[in-house]
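Let's take a friendly look at how charged side chains pair up in this model. Have the sequence and the 3D view at hand as you read.

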Amino acid sequence: MKRKRKIYIPGRSALLFLRLALPLVVLEGVAVLIAYLIDRQIDVVLAFDTWAPALYDYLAAVLVAVLLAVAADAIEMEVKKRNGD
């Protein structure tokens with residue numbers, strides 16, 4: 001017997017937030033990458049020392065965007081549950 005796997009689809013507020021936040025995060029990543037590559041042509045070690053903290057900031061931005069989308073989805077589900085009861 002085959003079981004149907006349920007795929008979780010986030011709510012509208014989470015999807016809207018992700019549609020707005022993720023393109024901005026991608027643009028930030030592209031800007032950091034271009035600036036790093038330009039500085040790397042001049043001096044490899046200095047470019048790594050300069051742009052390594054920017055990578056952590058970029059990863060933090062991705063993490064914050066995803067966690068805020070999860071929080072928005074949880075809030076939306078709670079509101080739906082309260083209005084349904």
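## Charged pairs along a helix

Arg-82 is exposed, because its relative accessibility of 63% is over the 50% cut-off. Keep in mind that this is a predicted model.

What does Arg-82 pair with? Arg-82 forms a salt bridge with Glu-78, and their closest N and O atoms are 3.3 Å apart. The two residues sit 4 residues apart in helix α2, so about one helical turn separates them. Glu-78 is partly exposed, at a relative accessible area of 34%.

How many salt bridges does a search of the whole structure find? The search gives 2. Besides the Glu-78 and Arg-82 pair, there is a salt bridge between Glu-76 and Lys-80.

| Salt bridge | Closest N and O atoms |
|---|---|
| Glu-76 and Lys-80 | 3.5 Å |
| Glu-78 and Arg-82 | 3.3 Å |

Is Glu-76 buried or exposed? Glu-76 counts as buried because its relative accessibility, 16%, is under 20%.

Helix α2 itself covers residues 44–84. Setting aside neighbours within four places in sequence, Glu-76 is in contact with Gly-11, Arg-12, Ser-13 and Ala-14.

As for the pairing itself, side chains of opposite charge can pair when their charged atoms come close.

Conventions:
Residues numbered from 1 in each chain as written. Predicted model: local features only at pLDDT ≥ 70, side-chain atom pairs only at ≥ 80, totals over all residues. Heavy atoms only, no water. Contact = heavy atoms within 4.5 Å. Salt bridge = Lys/Arg side-chain N within 4 Å of Asp/Glu carboxyl O. Buried < 20%, exposed > 50% of the residue type's maximum accessible area, 1.4 Å probe, protein only.
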